[in-house]
Amino acid sequence: MTALTATTAPADARPAGAGSADARPTDPESVLPGSPDLLRSVFRQHAAGVAVITSASGGRPVGFTATSLNSVSADPPLLSFTIGTGSSSWPGIRDSEHLGVHILGEHQRELAGLFARSGADRFGPDTDWTTGPHGVPLLDGVLAWLVCRIVARVPAGAHRVVIAEAVAGDSLGEGRPLLYHQGRFNALRD
C-alpha cells in the first residue's frame, strides 16, 4: 500500500489559473482512496438536472428517473445516460430501438419521485402521458422532450451507458428545471 501525498508549489511557481496563493491546499490527511462510498459522497455535491427516460417493452410503457443525462454531440444530435442492468426498466431499454427523454420542471418533484421508486405504478391513472413517435411513451407537462433512436449500449460495470440520437422533440415547455442535489429534488435559486 502506498501513501498518498500532496505537494503545493510556491504561489509564484503555479501555472496561470492554478488558484490564488491563499487558496487552501488539499490536506493530505483528508485524501480518501477511491471507493463506491467516496464516489457517492462526491456526487452528492454535484447538482444535476432531472430527466425521465421512457420506452415501450412488449407493448407496455417503462420508465425511470435519470440524473446522468448528458449532451454528447450537436451534429449528429447525440445524448447519453446510464442505467443499471438490475433496473426494472433495463429490459425495456435493452430491447427497444427508440426511447423518450423528458426534462422535468421544478413543479414535477412528485413525478420524479414516482419514476425513481422501485415497484411503483409509474404509468398509472395519476400519470398524464400519450404515445408519441415510434410508439414511445411521452409525459405531459415537461419542460422539453425528445424521442431518440438508440445507437449504442456500452457496458460500464453493472450499468450501461446508452447513447441515443434525437429524431423528434419539443423544447417549448415553460418553467424552471428540477435539480437533484444532496439526495433530494430541489428548485433552482437565483
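Buried means under 20% relative accessible area, exposed means over 50%, and partly exposed lies in between (1.4 Å probe, protein chains only). The structure is a predicted model, where local features need pLDDT of at least 70 and side-chain atom pairs count only at pLDDT 80 or more, while totals for chains, interfaces and linings use all residues. Residues are numbered from 1 along each chain as its sequence is written, and side-chain values use heavy atoms, with hydrogens and water left out.

The tour follows salt bridges: a side-chain nitrogen of Lys or Arg within 4 Å of a carboxyl oxygen of Asp or Glu. The count is 4; the stops below are among them.

Select glutamate 106 and arginine 176. Their salt bridge has its closest N and O atoms 3.9 Å apart. The two residues are 70 residues apart and link distant parts of the chain. Glutamate 106 is in the loop between strand 6 (98–103) and helix 3 (109–116), and arginine 176 is in the loop between strand 10 (159–170) and strand 11 (178–181). Helices (H or I, at least four residues) and strands (E, at least two) are DSSP runs, numbered from the N terminus. Glutamate 106 is partly exposed at 28%, and arginine 176 is partly exposed at 28%.

Next, select aspartate 37 and arginine 40. Their side chains form a salt bridge of 3.0 Å, N to O. Both lie in helix 1 (residues 36–43), 3 residues apart, so about one helical turn separates them. Aspartate 37 is exposed at 58%, whereas arginine 40 is partly exposed at 47%.

Last, select arginine 94 and aspartate 95. Here the salt bridge is 2.9 Å, N to O. Arginine 94 is partly exposed at 40%, and aspartate 95 is exposed at 52%.
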